[in-house]
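Please look over the structure shown below before reading the notes that follow it.

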Amino acid sequence: MIDIESHINATHRDVTRDDERVTVVLKRTYDAEVADVWDALTDPDRMKRWFMPISGDLRPGGNFQLEGNAGGQILECEPPGRYKVTFGDVSSIVEVRLSPAGDERTDFVLEHSVPLAMAQSGAGAFTVGPGWDGALLGLALFVTGEVQPGDDPAEAARSEEALRYSKASVQAWEKAVAASGTATAEEIAQGKAMAEQFFAPGIN
């Protein structure tokens with residue numbers, strides 16, 4: 001069993017919007033060294049244990065494909081602290097940054113930026129934020145040894161516990177979008193309803 005409230009509160013969420021782009025930001029501190037977190041994020045054999053299988057030419061300029069999910073191009077890679085990739089579309093950019101946070105702890109930052117024309121408003125955060133929350137949870141469980149060899153992350157993501165986590169994530173993103181002032185109340189309500197149906201179906 002996971003402590004849903006604790007994991008939800010462990011992540012800081014923010015949304016920004018300018019005349020061209022909408023960006024979601026997730027920040028969390030992991031109880032593991034930077035090198036270990038980086039390896040979990042970039043080693044295909046480890047990634048498939050907590051996230052999903054990845055294939056491709058995994059170096060700057062190369063392309064990658066997540067099994068059953070998005071693909072893209074690796075734009076920049078600076079081990080063990082930063083990488084930037086396209087994600088699903090050439091205009092959809094994900095950047096991950098790691099930095100030491102004391103003994104055997106790592107500050108993690110993920111920024112996902114898309115054109116305003118694609119997101120429409122800050123409520124576009126509902127389409128990606130809960131998904132990234134699930135990934136950050138999986139990484140947390142993996143680096144602390146709670147993911148066991150043979151565990152199937154796809155199966156875990158379909159569990160009722162995971163769906164309840166996703167429901168709490170959508171609610172957390174509702175607060176983040178509202179606090180950012182980047183969307184109207186109507187846009188937030190519509191985005192929340194869509195996200196709950198997609199990420200937490202059947203959870204009341």
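Glu 95 and Arg 82 are both buried in this model, which is a predicted one.

**Salt bridges**

- Glu 95 and Arg 82 also belong to a network of salt bridges, in which they are linked with Glu 76, Glu 78, Lys 84, Arg 97 and Glu 111.
- Across the whole structure, a search finds 15 salt bridges.
- One of the salt bridges is formed by Arg 46 with Asp 36, whose closest N and O atoms are 3.0 Å apart. Arg 46 lies in helix 3 (residues 44–50) and Asp 36 in helix 2 (residues 34–42), so this pair ties together parts that are ten residues apart in sequence.
- Asp 36 has a relative accessible area of 27% and is therefore partly exposed, whereas Glu 95 and Arg 82 are buried.
- Lys 192 forms a salt bridge with Glu 174, and here the closest N and O atoms are 3.1 Å apart. Because Lys 192 lies in helix 8 and Glu 174 in helix 7, the pair ties together parts that are 18 residues apart in sequence.
- Glu 174, with a relative accessibility of 27%, counts as partly exposed.

- Helix 8, made up of the 15 residues 185–199, reaches 21 Å from its first C-alpha to its last, which is close to the 21 Å expected at 1.5 Å a residue.
- The buried residues of helix 8 are Ile 188, Gly 191, Ala 195, Glu 196 and Phe 199. These residues cover an arc of only 130° around the axis, and so they lie on the same side of helix 8.
- The face turned away from that buried side carries Glu 186, Gln 190 and Gln 197, which are exposed.
- Helix 5 (125–143) and helix 7 (160–180) are included in what covers the buried residues of helix 8.

- Strand 4 pairs with strand 3 (residues 54–56) in the antiparallel sense over three bridges, and Gln 65 of strand 4 is the bridge partner of Ser 55.
- The hairpin formed by strand 3 and strand 4 has six residues between the strands, and Gly 61 in its turn has a positive phi of about 90°.
- Strand 4 is also joined by three bridges to strand 5 (residues 71–78), and these two strands run antiparallel; the bridge partner of Gln 65 in strand 5 is Gly 71.
- The hairpin of strand 4 and strand 5 has four residues between the strands, and Gly 68 in this hairpin takes a positive phi near 75°.

- Glu 155 is found in helix 6 (residues 153–157), and with a relative accessibility of 52% Glu 155 counts as exposed.

Conventions
Residues are numbered from 1 along each chain as its sequence is written. This is a predicted model: local features need pLDDT of at least 70, side-chain atom pairs count only at pLDDT 80 or more; totals for chains, interfaces and linings use all residues. Side-chain values use heavy atoms; hydrogens and water are left out. The expected span of a helix is 1.5 Å times one less than its number of residues. Buried means under 20% relative accessible area, exposed over 50%, partly exposed in between (1.4 Å probe, protein chains only). The arc is that of the directions from the helix axis to the C-beta atoms. Contact means heavy atoms within 4.5 Å. Two strands pair if DSSP finds at least two bridges between them. A salt bridge is a side-chain nitrogen of Lys or Arg within 4 Å of a carboxyl oxygen of Asp or Glu.
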